[in-house]
Amino acid sequence: MKEIQVKKISDALRKACGEIAVDYAPDIVAALKKCAQQETGERSIEAMNMLLQNAKIAHQDRIPICQDTGMAIVWLRVGQDVHFVGGSLQQSIQKGIADGYTGNYLRASIVDDPLYGRKNTKTNTPAVIHMEIVEGDRVSLELMAKGFGSENKSAVKMLTPADGEQGVIDFVLETVKKAGPNACPPFIIGVGIGGSFDSVTELSKYALMRSFTESNPDVRYAALEQKLLDEINALHIGPMGFHGNTTALKVQIEEAPTHIAGMPVAVNMCCHACRHWKGEIE
């Protein structure tokens, strides 16, 4: 049995919160630069250049990429041979997020009650936590800071097996069209297929954690990712809605086994920032 101090979890999350708030992932910057060269319209070119300038200023001056510094989503994959010591794992996660947001002067966006009180907790907690027990004696820790301009444009639909691939394509395109410029394109789009009503939405969000250098390992789903990307960009919503060639930078699909009678599909819209971090705790 391997012992891991819970303080390592909170320390890692505190540091990660500050980093992803001000630094774009390198693969996203590379995609923005590549797509900027493919724009032909005056307004779309200017929009892409502004995004790149914003990324540069955020990095140099260590200020947030966006004023909406997001809701914290945490994934833990815990080795079954790990024993946490030094306090509560749950509390250490929330402390790491709280310290990361307050210590880095990031906007606190979480309210304690969704419908009535809606009082700001002032620490950007509680974070959403997804946990899985796996083999081994290590802990994989992942963090996403999800803004709600794009989150509010996400959608889930219970398709039937008869809807097939075209049903998935139609639903994804419908969701993107409804989002329009309001979710801050160019987008990164996570698509979940399979599972159940609740799990498919997590699949679609976790799809956003994948590097741009990777496609779905199944060639059929990889081909669908590219087909969706091509059709989404053919909509010409464009950067920040200025009718250019780049509506999305990437489409990423995660799939899971499902019931014989269903085919759940979820689309998690994400703006071009897509702030995320991955680490391993030993």
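Q: Is Lys-278 buried, exposed or partly exposed?
A: In this predicted model, Lys-278 is partly exposed, with a relative accessible area of 46%.

Q: And what does Lys-278 form a salt bridge with?
A: Lys-278 forms a salt bridge with Glu-142, and the closest N and O atoms of the pair are 3.8 Å apart. Glu-142, for its part, counts as buried at 3% relative accessibility. The two residues belong to distant parts of the chain, with Glu-142 in strand 5 and Lys-278 in strand 10 (residues 275-281), 136 residues apart.

Q: Which residues are joined with them into one network?
A: Through salt bridges that share partners, Arg-77, Glu-132, Glu-142 and Lys-278 are joined into one network.

Q: Switching to the domains, how is the chain divided?
A: Domain 1 takes in 2-21 + 65-146, while domain 2 covers 148-278, and the C-alpha centres of the two lie 25 Å apart.

Q: How many residues are in contact, and what area is buried between them?
A: On the domain 1 side 20 residues are in contact with 17 residues of domain 2, and the area buried between the domains is about 1700 Å², with carbon and sulfur atoms giving 60% of that area.

Q: What about polar contacts and salt bridges across that interface?
A: The rule finds two salt bridges across the interface of domain 1 and domain 2, and the count of residue pairs in polar contact between these domains is nine. On the side of domain 1 that touches domain 2, helix 1 (6-22), strand 2 (71-79) and strand 5 (139-146) each supply at least two residues, and strand 5 gives the most, with six. By class, that side has twelve nonpolar, three polar and five charged residues.

Q: Where is Lys-146, and is it buried or exposed?
A: Lys-146 is found in strand 5 and is buried, with a relative accessible area of 1%. The side chain of Lys-146 makes a polar contact with the side chain of Ser-150 at 3.2 Å, and Lys-146 also touches residues including Glu-151, Lys-205, Asn-268 and Arg-275.

Q: Back to salt bridges: how many are there in the whole structure?
A: A search of the whole structure finds 17. One of the side-chain pairs that meet in a salt bridge is Lys-7 with Asp-11, at 2.8 Å from N to O.

Q: How are Lys-7 and Asp-11 placed in helix 1?
A: Lys-7 and Asp-11 are four residues apart in helix 1, so about one helical turn separates them. Lys-7 is exposed, with a relative accessible area of 53%, whereas Asp-11 is partly exposed at 29%.

How values were computed. Residues numbered from 1 in each chain as written. Predicted model: local features only at pLDDT ≥ 70, side-chain atom pairs only at ≥ 80, totals over all residues. Heavy atoms only, no water. Domains from an automatic or database assignment. Contact = heavy atoms within 4.5 Å. Buried area = accessible area lost by both parts, 1.4 Å probe. Salt bridge = Lys/Arg side-chain N within 4 Å of Asp/Glu carboxyl O. Polar contact = N/O pair within 3.5 Å; in protein donor to acceptor, adjacent residues only side chain to side chain. Nonpolar A, V, L, I, M, F, W, Y, C, P; charged D, E, K, R; others polar. Buried < 20%, exposed > 50% of the residue type's maximum accessible area, 1.4 Å probe, protein only. Lists of a residue's contacts leave out its neighbours within four places in sequence.
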